[in-house]
Protein chains: 2
Amino acid sequence: MNGAESLVHTLIDSGVEVCFSNPGTSEMHFVAALDKVAGMRCVLGLFEGVVTGAADGYYRMTDKPAATLLHLGPGLGNGLANLHNARKAKSGIVNIVGDHATYHVEYDAPLTADVEGIARPISGWVKTSKSAKEVAQDGAQAVAAANKYPGQIATLILPANTAWEPSVGPATAIATPATPKAPTDRIEAIADILKSDEPAAIVITGFALRAKALETASKIASVTGVHLYGQTSNARLERGRGRVPLKTIPYPVDAAVDVLSPYKHIISLSAKPPVAFFAYPDKPSGLYAPDCSTHVLAHEYEDCAAALEELAECLNANDATPVIQNASVAAIPATDELNPTTIASTVAHLLPENAIVIDESITCAPAFFDQTSTAAPHDWLQICGGSIGAGFPLATGAAVACPDRKVVALQADGSGMYTLQALWTQSRENLDITTILLSNSAYAILKHELKNVGAVSGTQAGTVALDMMELNRPNLDWVALAKGMGVEAGRATTVSTLATEIQKGLQCEGPYLIEAVF
Amino acid sequence: MNGAESLVHTLIDSGVEVCFSNPGTSEMHFVAALDKVAGMRCVLGLFEGVVTGAADGYYRMTDKPAATLLHLGPGLGNGLANLHNARKAKSGIVNIVGDHATYHVEYDAPLTADVEGIARPISGWVKTSKSAKEVAQDGAQAVAAANKYPGQIATLILPANTAWEPSVGPATAIATPATPKAPTDRIEAIADILKSDEPAAIVITGFALRAKALETASKIASVTGVHLYGQTSNARLERGRGRVPLKTIPYPVDAAVDVLSPYKHIISLSAKPPVAFFAYPDKPSGLYAPDCSTHVLAHEYEDCAAALEELAECLNANDATPVIQNASVAAIPATDELNPTTIASTVAHLLPENAIVIDESITCAPAFFDQTSTAAPHDWLQICGGSIGAGFPLATGAAVACPDRKVVALQADGSGMYTLQALWTQSRENLDITTILLSNSAYAILKHELKNVGAVSGTQAGTVALDMMELNRPNLDWVALAKGMGVEAGRATTVSTLATEIQKGLQCEGPYLIEAVF
């Protein structure tokens, strides 16, 4: 058994079931090993950002790491932006990055690069295997590192000869250690704050955004009056009808400062104290009031659901009644004009039970989040690292993870262009994804930000600057782009055609893209 | 004048005329400054790999650095693979990477990343500006670093507040220092080797592949009998009818070893001693014979054209007659079947005078290089770092650099998918590029390599492995993809339609893509 086979065996024994792949020559033995060892599903992406973003989406829906297969330093480089997003989402991923044979590195062949140097900024764990005899053990460690609560990026660099030389066989899977609990005295101190009359908010992210944990949080809120917020962007939020409704902290600084200004205490649960996405001249970086105290209920490396349970017990909140979303979803709008609000309410109305919603809708996001709050129960997945180009790949990975659920992707056009290659994988794997492509032919968010950052006053932006934010010269034809990659597609310019197209998309079992032009 | 304006002034004063851009919020003051300061052409790319690859192509055709404008760590990450290629091509590029305001970094907002860490593996020079008062001086230094012979990647990280706070005005351009010359005693020693009877070869790359330097090399060859080779991949080679014909070292290890086996001396000119692209079990990493001595005529940081001149003088070769390509180009093939050879000879026959050829044709490359050796004089640009996805962007940058020349891009399908977004920029800027898209619906090179590396014996590859190398499920429709980005396109399945389509492409002044299906 060669090193590659010992590694594939070990990954499978350690619970890794899917490998999102974009291999090259130095990964050929690993690829061949996938044929010899049963149990790993291989999903090909035609660009590495597809592969890494899909692994992120897969983790979010399974709480289990997938492997990626990447080709040397530049292949890892192409995957970096979505690994950054995955890192901020606290997703566990095992990157297998092929490299030159150990003895070949000194020759500085064209593809030679500092792979560890490229890996380090986005990895929690990095190792280059030294020999075929160690690669299986390294693989077991990589999976253990990826599984470390709440999930992290583990990058295992695999010199080609460690794959082709003889191994000592598979390594034993490493058990995931118990997740540390938040200390009881800290939880009691938080309980005391919540018992006081001072206004307080809990800011939640991570695993505490699942339905059961949010019910516990809502019970705590109903006995103490504490307000609950999600982070601005979250890896996965269970919401919709029958679930606890949760506001998130607004993206614009002024709105966020306004929302958080009443609170004397902000308590973080797996989250950081709320901060501005960007700095702006004359605006604060921290979004809470200057006299607000910040506290931690559970650090991101501590079991956040358990901390909520213990806090609820401390506050005798277990028998309280949580707030549950019971309102009816809005009707499809009577007007036929497409705009963010009418698109959002149409999607909300038609959203199927138990859908997975991928939100990379950028400037349309507030309308979608608002309109879908009363939609059928669903999961809401956002970009967590701010690097656009996560949407198509996240949808791909989520659909691989949950073949029995509908994935609905809300995809802005500018960000969609970064990783549009994912559509090909969606077609190849016949993934059940309906994409609503929001075609406003602009980097609309930058038009707002140009003024927000004070780069121009009022509407004084010049032609060069505006030209960098317009995608209408030429217009992108998303129906052609989708069809070019084997994905059926249609265009909607009115609410009624949008509704028809969404129904068409949801009825088919494979991918479908709707270009909503507004 | 704010920091961004002082920087833009300085870049222009230092000779930077083009900025390939994919900006975000933290770059808005830089974008606004481009309106206030005249003299910089802005070219928008919808993905950062387009931007960095275009800057590489621009440098190769102008010997001058362009700027790129990238959005924080992940934006730089998306540009990394083509910066790797540019680094191996020794192209000068000034990356301007926006970052969070200096005081905002500690808040660890979603886009916060180790930008310097991401930059270092692909940059020869990296600096984070500390204040708006220093940013102009830093910009002048960045251009000087990019201009350092033979060209290198300089990355200037621009925290947002160094762009919006008051500056001290533009900095003076820094003069490029003289390029060091190869020492005379070394050149004389090389002359002595060439005067001996022992078989020798000179391996050339870099600026010595321009027509004039190659004539000097050919004169040296005609008086000494030394053989001349280009590296396997080169940034820019001037060749075709009326120029010195030059063979390059084959990519396959066995063929390269065979070619180089006769030589007792290999003399490198801006190149490294020839090494295998990848390591293979039981094949050597060095491609020259074990008893061959390797020598350096000029290191890559030394003036290679001057070294050739001095060597020619040493050998009294100045009056010798160089070998010049005078053979006629082959006719368009009589057969109508498309295959690499018939496609290549059709292209060769129709190649216009003074074209810039971008070669990312991968498995078709040997046929193209062979058939075009007698074509009209042209420049030949290849991927130098082995990271596929350079072709479309290189063509884009070369066309921006040379608006009066035809660019002909030979683009494999698998590699084209990495950076297909470049087609939109080609349309937007109406760039004069005819792309021959080689549609064999496979990562064909990997099918060869799977056997080459011994990952499978004979044709024993399994279904999982082969499935990772097939792009035919679904087939890509490149005509649809091109049209989706505003580029006119046609399909050719026979030699005669290919010839008609190429003529159509060459006749129009903007971009045109031909999907050659074989």
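User: Which crossing, left-handed or right-handed, does helix 1 of chain B make as it passes helix 2 of chain B?
Analyst: This is a predicted model, in which local features need pLDDT of at least 70 and side-chain atom pairs count only at pLDDT 80 or more, while totals for chains, interfaces and linings use all residues. Residues are numbered from 1 along each chain as its sequence is written, with chains lettered from A and ligands numbered from 1 in the order written. Helices are DSSP runs (H or I, at least four residues), numbered from the N terminus, and a crossing is left-handed if the near helix is turned anticlockwise from the far one by less than a right angle, right-handed if clockwise. For helix 1 of chain B passing helix 2 of chain B, the crossing is right-handed.

User: How are helix 1 of chain B and helix 2 of chain B oriented to each other?
Analyst: Helix 1 (residues 3-13) and helix 2 (residues 28-36) of chain B have axes 8 Å apart and pack at about 55°. Axes are fitted to C-alpha atoms over the stretch in contact, with angles from 0 to 180 degrees between N-to-C directions. Angles under 35 degrees count as roughly parallel, over 145 as roughly antiparallel, 65 to 115 as roughly perpendicular and the rest as oblique. Helix 1 of chain B and helix 2 of chain B are therefore oblique.

User: How many nonpolar residues are in the contact of helix 1 of chain B with helix 2 of chain B?
Analyst: Helix 1 of chain B brings Ala4(B), Glu5(B) and Val8(B) to His29(B), Phe30(B), Ala33(B), Leu34(B) and Lys36(B) of helix 2 of chain B, contact meaning C-beta atoms, placed from the backbone, within 7 Å. Ala, Val, Leu, Ile, Met, Phe, Trp, Tyr, Cys and Pro count as nonpolar, Asp, Glu, Lys and Arg as charged, and the others, Gly among them, as polar. The contact has 1 polar and 2 charged residues, and its nonpolar count is 5.

User: What is the orientation of helix 1 of chain A to helix 6 of chain A?
Analyst: The axes of helix 1 (residues 3-13) and helix 6 (residues 135-147) of chain A come within 8 Å and cross at roughly 30°. That angle makes helix 1 of chain A, relative to helix 6 of chain A, roughly parallel.

User: Which residues of helix 6 of chain A make the contact with helix 1 of chain A?
Analyst: Helix 1 of chain A passes helix 6 of chain A in a right-handed crossing. From helix 1 of chain A, the contact takes Gly3(A), Ser6(A), Leu7(A), Thr10(A) and Leu11(A); from helix 6 of chain A, it takes Val135(A), Ala136(A), Gly139(A), Ala140(A) and Val143(A).

User: How is helix 3 of chain A set against helix 14 of chain A?
Analyst: Helix 3 (residues 48-62) and helix 14 (residues 391-401) of chain A have axes that come within 6 Å and cross at roughly 45°. That makes the pair oblique.

User: Which helix gives the most to the side of chain B that touches chain A?
Analyst: Between the chains, 85 residues of chain B are in contact with 85 residues of chain A. With 8 residues, the top contributor on the chain B side is helix 4 (residues 72-88) of chain B.

User: What percentage of the contact residues of chain B recur in chain A?
Analyst: The side of chain B that touches chain A has 47 nonpolar, 26 polar and 12 charged residues. The same surface serves both copies, and the share of chain B contact residues that recur in chain A is 100%.

Notes. Helix = DSSP H or I, 4+ residues; strand = E, 2+ residues; numbered from the N terminus. Contact = placed C-beta atoms within 7 Å.
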